[in-house]
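The sequence and structure come first.

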Amino acid sequence: MIIIAKFTGLFLQCLHPLGCFVFKKPNKEKNNKRRSKKQLTTNQPETELWHTTYIDVWNNIKSKIDDLNGSIYSKFISDTVNFMTTSNITTNQSIPTACLLTGVNLPDHESLFGLLATNLEKSQPPVIVATLFSEHFSSVKNAVISMVSQLLHTNDDESDSDEEMDESLNFVVKRSECTISNLIEWYSHQPNGTRIAVLVKDYEMCQQTVLQNFILLLSCYIKEIPIVMAIGIATSISNLHNSLPHHVVTKLKVKMFVSEASVVFLNNIMDQVFLKPDCPFYLGGRILDYVTEVFLYYNFSIKQFIESLKFCLIEHFYRKPLNCICIAHESAQESLFNSLDKKTLEEITKLRSTNYKLKIDSNFKENFLRLIRELKACINDFYIGLRVLHILVSDLPHSPLGTKLREMYCTAMKKHIIDDTSYKTCLQLLKFLSKDELLAKFDKIIHVFKNVKNNQRTKDALKLVQSYVKSLKESHLNNLVIEKEKPKEKPKESLQATSRSQFKKKLMENVKNEDNQPMTEFEKARSETLDHFTEIILRQFLVPPTTMPLNELLIFDDLPSIKRKIVGEDRAAQYTAFINPQHYLCCDCCELEFTEQIFKTMPDISIVYKLHLESRFDQINIYDWLQKFISVVSPSQNDNDNDDDIDPVLQSRFVRAVNELQHLGYIRPSKYKADHVQRLTCGSY
């Protein structure tokens, strides 16, 4: 019992969280480490075909995304900077405050505030910026120290930031010197017209009492220091007035600025970057559906959405020379194809899209390059048809095919969208459009076709659409069309029915068979035009590229390969690592014949986890658990030594593994017995 008590005391001491103390090394050593790291990374991967192709494609995509985001953010940032630099700072203790309504669906606030801080520092008159986060508002003193230390270009000693201090600084200000009085003295040496901008990033997460006192403190010194503020609000402007009392709100001269929602960024990125023929990376319908679902239902983060697409790009090119050859320019494809080995060529013939019809013979290279050209032509026509379809059906009631281009892209990639029931519903709604509405849609379609160059199919389609417009304009709205030969009318069925569903069915059948009402010239021209436009133009342009041979080499639609990597299942991965560590370690010493096997070469936490699963009860005796661990790791000691003599090395290894299990949430100290722990999870997933 004495041994158990001693061991229990040692175990309970080890269950306390460990403290981590970081000692920053001088800048010279950091620079040396960074240089050595760069030297290690500049090796063979850059010379590989897949890596160079990935770098070229991603740089092209990233530059377009940056330009697009800059144009979307430009008005929002410029208006905010203009307000913070030109607003009058009076002596009535009111601080000009820009309330940035970024929305709950924009978690990329850090990049937004970073862009705002950069533009403020470049503005005229000069503005010196200090950015505060919710963790800085633990107390007024801490908030003031954080603000002053940033304004004086010093780093907070207690901050967790790993950024290096500026080597050009010749002074260091201590925390005790970061006061408002020192800030006033420092400001007296700044150029005339200089302003101080305080950015509060996450308003809702700040301690409101601390923030209130901080605002009141700054308002007291508005005469000595021209201070402006920017507050990021995720909910609504009413939250600011509801959370701050009246005497604090009166110290702020508030102006509201609204940022675009992250869904707008998503739609613009897809429409202007990825869903264009000049984009060399093509996403499959299932992949785009999945990454969009993760965006809409998990995080609303544009940054993570772009990183997901970047990972898809890496997965598409990684060690796949065929995919790289398809992306390359036609002048380089032939030479790259000649460098392939026989094994790689055999992979082409085994693709599902070729149905094993492509054979390695004397014409193999010509056939392969021809199929790639046909596939790219199909993709170009598909994008044209997709934009034409978007013009036709995006504004229809109830939006059967959706309102966004990406939604129609996902549907059209999986199957021919013309045969979909949703398009048939759209066609019925289109046949109710007025003459002006239909002509306006066709004018936009003509504009799309005219912007396409070097495409014979587009030229033929343009002539057809122009003939449709001419016939619609010449048709009259009031002149009735008299049919020369009327088909025999089917006798109407009796509407008597035993149930409501039967009554509805018979009523619909009677409506379909009713041809008594004559059509006007425009109605007939509209119906014939839409039917002809659907079958002749849309059906040809909207052929799914996934039905073409070799589509796997250009279109990335391998959903299972990235599904578990983009949104990881933490518990499942931990369970696999504990039960079968060889899955991740790839070592021969831990290879299992069956799941219940335990080897002493396994990591200690895997052994401890497997042993704790053997308990039939939720309460596990620590001493018995230790004895089982020793019997696995060191069987000879468990047989020869007494129970009083436990190797302290084995004991410390066991305690460390148990502590890790508690940290991961698998066990916790028992409330009933001092020498027991309670299991919190079941044994399988």
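## Rings, a sheet and buried residues

The charged end of R571 lies over the ring of Y666, at 4.6 Å from the ring centre. A charge counts as sitting over a ring if NZ of Lys or CZ of Arg is within 6 Å of the ring centre and within 35 degrees of the ring normal. The model is predicted, with pLDDT of at least 70 needed for local features and 80 or more for side-chain atom pairs, while totals for chains, interfaces and linings use all residues. Residues are numbered from 1 along each chain as its sequence is written, and side-chain values use heavy atoms, with hydrogens and water left out.

The protein chain has 30 helices and 10 strands. Helices (H or I, at least four residues) and strands (E, at least two) are DSSP runs numbered from the N terminus. Of the 685 residues in the chain, 43% are buried. Buried means under 20% relative accessible area, exposed over 50%, and partly exposed in between, with a 1.4 Å probe and protein chains only. Among contacts with a separation of 6 or more, 73% are between residues 24 or more positions apart; contact means heavy atoms within 4.5 Å.

**Aromatic pairs.** The structure holds 22 aromatic pairs. Rings of Phe, Tyr and Trp (its six-membered ring) pair if their centres lie within 6.5 Å; planes under 30 degrees apart count as stacked, over 60 as edge-to-face and the rest as tilted. Two of the pairs are listed here.

| Pair | Type | Centre to centre | Angle between planes |
|---|---|---|---|
| W50 and Y318 | edge-to-face | 4.9 Å | 80 degrees |
| F629 and F654 | tilted | 5.6 Å | 45 degrees |

W50 counts as buried because its relative accessible area is 13%, whereas Y318 is partly exposed at 41%. F629 belongs to helix α28 (residues 622-633) and F654 to helix α30 (residues 648-663), 25 residues apart. Both F629 and F654 are buried. Elsewhere, Y282, F382, Y383 and Y409 make up one aromatic cluster.

Three strands form an open sheet in the order β8-β10-β9, with antiparallel pairing. Strands pair if DSSP finds at least two bridges between them. At the edges are β8 (619-621) and β9 (667-669), each pairing on one side only. β8 is joined to strand β10 (residues 676-679) by 3 antiparallel bridges, and N621 has H676 in β10 as its bridge partner. Helix α28 lies across β8, β9 and β10 and runs at about 60 degrees to β8. Axes here are lines fitted to C-alpha atoms, for helices over the stretch in contact, and angles run from 0 to 180 degrees between N-to-C directions.

How far apart are the end C-alpha atoms of helix α7 (residues 208-220)? They are 19 Å apart, which agrees with the 18 Å that its 13 residues should span at 1.5 Å a residue. The expected span is 1.5 Å times one less than the number of residues. Buried residues of α7 are V210, L211, Q212, F214, I215, L218 and S219.

K441 is part of helix α19 (residues 435-450). K441 counts as buried because its relative accessible area is 8%. Apart from neighbours within four places in sequence, K441 contacts I391, L392, D395 and L433.
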